[in-house]
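Here's a quick briefing to read alongside the model. Have the sequence and the 3D view open as you go.

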Amino acid sequence: MKTNNWIIGLLLLLPLNAMAQTSCADDEFWKIYKDSLPETYCECTYNTIPFAFPIDTVLTGSMWFSATMNDIKQGLSAYWFSTDSVALDVYAFCISHRPAFSMIVPPNRMYEMPVEEINKKLDELPGSAEYIKALEPRIHAYSLHGGTGQVYCYPYNHGPHSTCEKVMELRSWMTYVCEDTENVYRLPSKNIPSKGKAFLRWIHKPEHSNQKCRPADIRLTLDSCNGEEVGRTTIADSIHVYMFDSAMLVNTRKAGRDIWVHVSHEEGIVGRLRYFSNPKYAEGQPEINQSTCLGKTLTVNGRDYTSDTTFVEGVYVNRDTLSTQHVTLVFSEPAPIYDTVLVDPKDLKRGIVHNLTGAVLFNYGDTTIDVIVPKQCTKRYQVTVKDPTPIDNVDAEQNGARKQILNGRIIIFVDERKYNIVGQQID
C-alpha cells in the first residue's frame, strides 16, 4: 500500500485530533480533506469498539474495532457461523482508501492468517518502524449480503475451548483449532449426511522438519457427552482420516440423535480438526497385506494391531476428496509343542511347576499354555499330566474291561464306554 507524503505528515496530527473530537461534525481535518478521504473515515475514526482477543459476538451489519499493533501481530483465527459470508478488513490508517490486508470467511467456515503473513503485510506499510509500532489499526467486519451470525476471533494457533458444558457444533468444512488437550464437539443429526458418508481429518504441523506429526485420539458418544460409546480411533497423521461407520450415521440421522465427538492429544501441541460430509472419492491406494506370527505387532498408519483384522482406510487427497485403501492383517497361530509330564498323585495335590512354561498345574489331563513375550512369537505348549502308574486291565474276568486313573479319578472302561467306581456310565 502506498500513501502520499502529505498524508504521512498529517498522520502525526491524527491521534491528537481524534482525542479532541467525538464525531466528524467537529473534525477540522475531515472538513479540510473530506474530498480526498474515504467514505469510511468517520466510522473508522469515531465509531469503533475496543478490540481484545478473544472476540465472541453477534455480528450485525457493519462493525468497526480499534486494535493495537500487538493485537495484529498475533495473527488471526476467525470463526464465522452464518449462511452469509463475512469480510474482515484491517486498516493501518483511517485515511486509507484500501485495507492493508483483508480476508473473506465463507459461510460456516474458519479462516486463518498466520503471524508470518501478517508481518509481511506490515513491512509494506509506509513510515518508520517505531511509528508503525505505535499505530492503532482498525478492523472492519461486515457481512457481504447483510446477514447476521456468530463471530469468534482468536490469535493464530488459538481457538475456542469446546467442552461438554459449552459445546461447539460440528459443521462440514469448518476448521476447529484444538489448543487444549481435550475438546468435545457436537455433531447434530441435521449435519449428518443422509447417505452416511463423512470423515474427520486431524491436522498437526510440527514446529520443526525433523519432528513427527503428533496423533489425536477420537471417541464418539451418542446423545450426550457421557452417552454410549459408538466409535473410537487414533488418527496418527494428516494423511489418514477417520471414516464414520455409514450404517451408524444413517441410523443416527433417522432417529434424530446427536453424536458427540471427543478429541484428545498430548499437552503442548496445537492441532486442527476438520469434519467433511458427502466426500468425493479418487482412485484407491494399493492394498496393504501383512502377516506375522501371533505375539508380534503390526503397525499401519500409526496404529498397532495384534490380531487378525480387515478394514478400509481413508487416505486424504485434497479438499473433501478421499481415496481408500484396503488393509488385511493376519497373525498365524503357533504350532503346539507337546510335552508329557508324569506326576505322582500326592505331588499333584500340592501343585507342580511346569519347567518350560512356569505354569503351576494341579490336575491330570491336557492343558494348553501360551508363553507370551513382548515382540516375540507366542509359544504354545500342549502339556499332558499323567500318573506314572496307571491301573490297566484289573478285572481280567470281565471281557474288554480296564481301569485307569484320569484327572485323579478312577475310570472303568468297557469297550468304548466309561463308568465310575459305582458303576454309573459317564460321558
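In what order do the strands of the open five-stranded sheet run? The order is β10-β12-β17-β14-β15, and the pairing is mixed. Before you dig in, note that this is a predicted model: local features need pLDDT of at least 70, side-chain atom pairs count only at pLDDT 80 or more, and totals for chains, interfaces and linings use all residues. Residues are numbered from 1 along each chain as its sequence is written, and side-chain values use heavy atoms, with hydrogens and water left out.

**The sheet**

- Strands of a sheet pair through backbone hydrogen bonds, in either a parallel or an antiparallel way.
- Here, strands are DSSP E runs of at least two residues and helices are H or I runs of at least four, numbered from the N terminus; two strands pair if DSSP finds at least two bridges between them.
- β10 (168-169) and β15 (229-235) are the edge strands, each with a single partner, so one side of each has no neighbour in the sheet.
- β14 (residues 216-222) and β17 (residues 259-264) pair in the antiparallel sense over six bridges, and I218 sits opposite V263 in β17.

**Helix α8**

- Helix α8 (residues 246-254) packs on the sheet and touches β14, β15 and β17, where contact means heavy atoms within 4.5 Å.
- The direction of α8 makes about 130° with that of β17; axes are lines fitted to C-alpha atoms, for helices over the stretch in contact, and angles run from 0 to 180 degrees between N-to-C directions.
- At the start of α8, a side-chain oxygen of D245 comes to within 3.4 Å of the backbone nitrogen of A247.
- After α8 comes G256, with a positive phi near 70°.

**T221 in β14**

- T221 is found in strand β14 and is buried, with a relative accessible area of 0%.
- The side chain of T221 makes a polar contact with the side chain of H262 at 3.0 Å; that term means a pair of N or O atoms within 3.5 Å, where within protein one must be able to donate a hydrogen and the other to accept it, and residues adjacent in sequence count only if both atoms are side-chain atoms.
- A polar atom of the T221 side chain also lies 2.8 Å from the backbone oxygen of S224.
- Leaving aside neighbours within four places in sequence, the contacts of T221 include W260 and D258.

**Aromatic pairs**

- The whole structure holds 13 aromatic pairs; rings of Phe, Tyr and Trp (its six-membered ring) pair if their centres lie within 6.5 Å, with planes under 30 degrees apart stacked, over 60 edge-to-face and the rest tilted.
- F81 and Y152 are an edge-to-face pair, 5.9 Å centre to centre with 85° between the planes.
- That pair links F81 in β4 (residues 76-81) to Y152 in β9 (residues 148-154), 71 residues apart, and both F81 and Y152 are buried.
- F244 and Y275 are also edge-to-face, at 6.2 Å and 90°.
- F244 lies in the loop between β16 (240-243) and α8 while Y275 is in β18 (residues 271-277), so the pair ties together parts 31 residues apart in sequence.

How values were computed: Buried means under 20% relative accessible area, exposed over 50%, partly exposed in between (1.4 Å probe, protein chains only).
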